[in-house]
Amino acid sequence: MMSDSDWSAKPRVIGEIERGDHYHLEPDDRCLFFGEYTSRAGFDHGDTNQLISNLQKPVSRAGKPDYKYKEWAISTAAAAIRGASAKATRGEVVIVPAPPSKPRGHVEYDDRMERIARLIGPNADARCLLETTAPREQAKRADHRPSIDDLVASMRVNLALLEPLPAGVILLDDVITNGTTFKAAQRLLTPYLRGRKFVGLFLARRVFPPIEWPDV
Amino acid sequence: MASLPLTRSADFFDDPIDAALELGAYERLWMETGASFRSLADRFARARGARPSDLVDEGEARRTAGRIIERFRTRLQGSFNIRLHGELEYPDRLRHATHPVELLYFQGSWELVHTRSVAVVGTRDPSPEGRARARKMTKALVEDGFTIVSGLARGIDSVAHRTAIEEGGRTIAVLGTPLDEYYPTENAELQALLAHQHLVISQVPVERYSTQNPRTNRFFFPERNKTMSALTEATIIVEAGETSGTLVQAREALKQGRKLFILNSAFEDARLTWPKRFEEHGAIRVRDYDDVRQRLVG
């Protein structure tokens with residue numbers, strides 16, 4: 001494959017050109033992304049597709065040789081965020097990892113987003129303000145995607161971590177698809193933020209594969 | 001005057017990219033007197049790290065972006081997108097072009113850019129043998145998994161795209177017109193198909209193109225050949241006359257350190273001097289597909 005993209009690049013805003021690909025996003029929502037991800041089984045051309053597929057390797061593969069790629073993806077993502085936001089790196093805004101699909105303690109609990117957030121830097125303020133209370137099927141495998149309401153019902157706000165009140169919150173997730181997680185997190189957190197800004201940062205945004213080709 | 005990079009960090013991120021704004025700014029830059037790919041490339045080479053929006057008024061850029069996006073939504077089927085120099089998905093190898101482009105429009109599957117690709121190009125008016133050779137070459141390349149890149153012109157380009165599709169392969173068109181213009185019109189359907197199922201790329205500014213006469217707009221065609229060469233690992237010239245625009249791509253391929261293949265039939269045409277000339281500068285004479293295969297696949 002041809003690989004020449006650069007993870008030190010600046011993130012892109014989901015604006016007029018991109019918003020239509022993310023059904024739930026509204027014009028006032030502020031979301032940014034680094035790369036574009038095509039969800040297409042077995043097709044991993046491009047650095048973004050590879051990074052996401054490595055990052056999403058199931059935790060059951062821990063200790064297997066390929067698991068080092070997941071570690072690599074985590075550190076690459078952390079470095080990208082470090083390069084994109086001095087405020088986040090200095091701890092002036094709080095990074096909230098999107099909660100995984102399984103609750104803490106579950107055998108498939110995957111804390112990849114939390115680990116990225118904590119790896120941004122020693123001064124970064126990573127807080128798990130959102131927790132999963134009920135396991136969900138991973139969205140991409142589920143027959144029907146959960147609604148915003150479904151997601152809101154499966155998460156709770158960890159009130160103990162709210163103080164000191166952050167100057168702003170960045171919700172961090174790997175891939176934005178319809179924007180469901182972002183909207184659910186926004187609905188859960190904004191009542192506690194007293195007008196502070198809430199934005200989403202995604203390693204990639206999902207773009208639609210128009211057609212299936214044979215993979216070569 | 002344009003806002004300084006510092007003012008762009010009013011939010012949590014340092015200097016994030018607003019693609020719509022950059023699209024509008026790029027279009028504005030092209031409306032300036034004397035704008036060309038060369039003048040813009042020079043300007044960005046001097047202002048390292050600058051974006052189009054650093055060089056034009058933001059309000060104007062936003063209004064222009066609004067017009068173009070509206071126009072594309074009306075005239076194009078499905079979504080479109082851009083690539084901006086400085087964003088993650090912009091391929092660094094495009095910088096190898098003589099006048100690298102800051103911004104590209106596209107429709108379709110950008111990920112095709114990450115596959116191994118070869119440009120198959122040539123005259124708009126090929127002989128029947130030329131068509132047959134283009135088909136044969138394209139078929140063999142598709143069988144080896146290469147994505148076929150061409151310019152969607154009449155003649156060899158069209159044969160290359162169509163054969164790639166017929167053979168179940170992947171293909172990319174690099175246009176010499178804006179994304180929502182069709183030239184030649186007979187290829188409109190093919191272009192729409194590629195935009196929907198494959199990938200169509202254009203570096204041509206939409207408003208500038210609309211305000212210029214067709215004769216001036218013809219200068220955009222050879223410009224896209226430079227991008228096509230930069231995008232691919234090799235260029236194959238099937239058939240081309242002494243003054244063909246295809247030769248721009250031949251020069252670029254060699255200059256950019258890409259492989260340049262020329263079919264033997266061109267060498268055997270006594271009217272042509274260019275095959276020999278390019279061979280002296282490193283082009284590879286192709287008697288059959290194995291001459292290509294050896295160098296690309298091993």
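1. In this predicted model, 44 residues of chain B are in contact with 46 residues of chain A, where contact means heavy atoms within 4.5 Å. The two chains bury about 3800 Å² between them, 56% of it given by carbon and sulfur atoms; buried area is the accessible area (1.4 Å probe) that two parts lose on being put together, summed over both. Of the area that chain B buries against chain A, B:F12, B:F13 and B:L88 supply 24%, more than any other three residues.

2. As for the basis of these values, local features need pLDDT of at least 70 and side-chain atom pairs count only at pLDDT 80 or more, while totals for chains, interfaces and linings use all residues. Residues are numbered from 1 along each chain as its sequence is written, chains are lettered from A in the order in which they are written, and side-chain values use heavy atoms, with hydrogens and water left out.

3. Across the interface there are 3 salt bridges, each a side-chain nitrogen of Lys or Arg within 4 Å of a carboxyl oxygen of Asp or Glu. B:R83 forms a salt bridge with A:E36, and their closest N and O atoms lie 2.6 Å apart. The side of chain B that touches chain A comprises 17 nonpolar, 12 polar and 15 charged residues, with Asp, Glu, Lys and Arg counted as charged, Ala, Val, Leu, Ile, Met, Phe, Trp, Tyr, Cys and Pro as nonpolar, and the others, Gly among them, as polar.

4. Within chain B, 9 strands form an open sheet of mixed pairing, in the order β1-β2-β6-β5-β4-β3-β7-β8-β9; strands are DSSP runs (E, at least two residues) numbered from the N terminus, and two of them pair if DSSP finds at least two bridges between them. The edge strands, β1 and β9 (284-286) of chain B, each pair on one side only.

Note on methods
Helices (H or I, at least four residues) and strands (E, at least two) are DSSP runs, numbered from the N terminus.
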